[in-house]
Amino acid sequence: MPKYCVLCNENRAVIKRPKTGQQICRECFYYVFETEIHNTITDNKLFKRGDRVAIGASGGKDSTVLAYVLKLLNERYDYGLDLFLLSIDEGITGYRDDSLETVKRNQQQYDLPLKIVSYEQLYHWTMDDIVKAVGLKNNCTFCGVFRRQALDRGAVMLGVDHIVTGHNADDIAETILMNILRGDIARLQRCTEIGTTGEGCIHRSKPFKYTYEKEIVMYAYFKKLDYFSTECIYSPNAYRGYARAFLKDLEAIRPSAIVDIIHSGEAFEIKSDTKAPVQVGTCERCGYMSSNNVCKACVLLEGLNRGLPKLGIGKTHRLRKIHGDMPENTATIQHFSEIKKEVDPLSPSQAQ
C-alpha cells in the first residue's frame, strides 16, 4: 500500500526527510523547508526592513537555492529587502569560469542585479597562478582568506548592509569538527554564530545554519533549479574533506548527528583565560579588519609578491618575527585604497 504524507494525510509520500525521517509529499516538503528557513531568519532577527542584502553566489546548489528561497520569502513575508547577487571569480580555469555562467543565468531567472569581483582585480593574482607558486597542499588557505576579504570588498562596492552565504548545517558541523581536531577551541564560539560583522559593519549571516545539505539538494532537484555541481579542482586534498567524510559516517549511523554537533558547539564552554582572536583593529596596510597589525591577506600577498609563498603558512610567532623585516608594499596599499573608495551603490544596469 502507498504511504501517505504524515503532515497532510492526503497526498502520497515521495520524500523521506534526512533531517527528521518523516515521510512527506512534495508540497509539504516545500512548505516545511521554506518555513524552517523563514523561522531561522525571524527568530535570529537577521534582517531589518530596507536592508540591502548581497547573496554570495557561486553557482553551486547552496547559493542557488539561497537566492531562490530568499527572493521567495522576501516577497511572501514582505521583508522589505533589496537583494543583489555577489560573485567572486577566483580565477580557476575550467571551474569558476563555468560556474559563473550559471550565476549569470540565475541573474536572469531571478531578476536580481549581479556584481562579479575577481582575485585578479583585487590582488593581481589568480588561483591558477597561486597554485603554480604554492602547489596543491596549502592553496585552500590562500583561497579561503582572499575569498572572505573579497566578499567584503565586493559588498563595499555594492553599498550593501548585509552579506548572506549558503553555508549549511553540514558545513558548520564540519567546521566545528575541524576546530576540535586542530585543537583550535578558541574559535568554536565564532564558527557556530549565525551572524558576524565584517568590514565597515557589514553583517554576515547564514540562513541555512540548520538546513541539511541533502535537503538543499532535494529542494533544488524537485524545483528544477539551475545550478553548477562540479567540485573545485584544487580541493581534493583539503583538510575539510576528511572532516566531511567523518561527518557522513556519523550521519549514516545517527541522522541527527549534524545538528547535534552544532548544538554542542553552541553550548561549548571555554575557560575564561582562553585567548581567542579578536578582530577589533584594522590592517595598517589595506585597512581591512584584523586582530594583528597586518591582516592575514596582506601577509599571504606579501609572500607571493616576494617569491616566498609559504610566508603566511605556519606558526604565528614566526610570522610576527618576519613582519618586522617585511618592507611596505606601497603598490598593494595604493591598490586597496582605491578599491575602498569605490562605495557608490550600483544600479541593476551597472551591476554587471
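Arginine 190 counts as partly exposed, at 35% relative accessibility (buried means under 20% relative accessible area, exposed over 50%, and partly exposed in between, with a 1.4 Å probe and protein chains only). Arginine 190 lies in helix H8, residues 188-192 (helices, H or I of at least four residues, and strands, E of at least two, are DSSP runs numbered from the N terminus). The C-alpha atoms of arginine 190 and glycine 265 are separated by 9.7 Å, and these two residues are 75 residues apart along the chain.

The model is predicted: local features need pLDDT of at least 70 and side-chain atom pairs count only at pLDDT 80 or more, whereas totals for chains, interfaces and linings use all residues. Residues are numbered from 1 along each chain as its sequence is written, and side-chain values use heavy atoms, with hydrogens and water left out.

**Overall composition**

- The protein chain contains 14 helices and 10 strands.
- Of the 352 residues in the protein chain, 49% are buried.
- Among contacts in the protein chain with a separation of 6 or more, 71% are between residues 24 or more positions apart (contact means heavy atoms within 4.5 Å).

**Annotated binding site**

- An unreviewed UniProt entry lists Gly56, Ala57, Ser58, Asp62, Ile88, Gly166 and Asp171 under "binding site"; UniProt positions are given in the numbering used here, feature names are shortened, and annotations may be inferred rather than shown by experiment.
- Glycine 56 lies in strand E3, residues 52-56, and counts as buried at 13% relative accessibility.
- Not counting residues up to four places away in sequence, glycine 56 touches Ser63, Leu86, Leu151 and Val164.
- Aspartate 62 lies in helix H2, residues 61-76, and is buried, with a relative accessible area of 15%.
- With neighbours within four places in sequence left aside, aspartate 62 is in contact with Gly166, Asn168, Asp171, Phe208 and Ile216.

- E3 and E4 pair in the parallel sense over 5 bridges (two strands pair if DSSP finds at least two bridges between them).
- Alanine 54 has phenylalanine 84 in E4 as its bridge partner.
- From E3 the chain crosses through H2 to E4, and this β-α-β crossover is right-handed (that is, with the strands pointing away from the viewer, the path from the first strand over the helix to the second runs clockwise).
- E4 and strand E5, residues 114-118, run parallel and are joined by 5 bridges.
- Isoleucine 88 stands opposite valine 117 in E5.
- A right-handed β-α-β unit is made by E4, helix H3 (residues 96-110) and E5.
- E4 is largely enclosed by the rest of the structure, because 6 of its 8 residues are buried.

**Nonpolar cores**

- The largest nonpolar core has 41 residues, and those with the most contacts inside it are Tyr119, Tyr123, Met127, Ile130, Phe142, Phe146 and Leu304 (a nonpolar core is a set of buried Ala, Val, Leu, Ile, Met, Phe, Trp, Tyr and Cys residues joined through side-chain atoms within 4.5 Å).
- Two or more residues of this core come from each of strand E4 (82-89), helix H4 (119-123), helix H5 (127-134), helix H6 (139-158) and helix H12 (296-305).
- H6 gives the largest share of this core, 9 residues.
- At least three residues of this core are drawn from each of domain 1 (44-230 + 239-273) and domain 2 (277-314), with domain bounds that come from an automatic or database domain assignment.
- Another core, of 40 residues, lies apart from it and has Val65, Val69, Met218 and Leu225 among its members.

**Positive phi angles**

- Most residues other than glycine have a negative phi.
- Aspartate 111, although not a glycine, has a positive phi of about 55°.
- Aspartate 111 lies in the loop between H3 and E5 and is exposed, with a relative accessible area of 65%.
- Lysine 224, also not a glycine, has a positive phi of about 55°.
- Lysine 224 is placed in the loop between helix H9 (213-223) and helix H10 (239-253), and is exposed, with a relative accessible area of 70%.

**Annotated C-terminal domain**

- The unreviewed UniProt entry annotates residues 281-311 as "domain: Cytoplasmic tRNA 2-thiolation protein 1 C-terminal".
- Residues 281-311 are 32% helix and 13% strand, with the end C-alpha atoms 22 Å apart.
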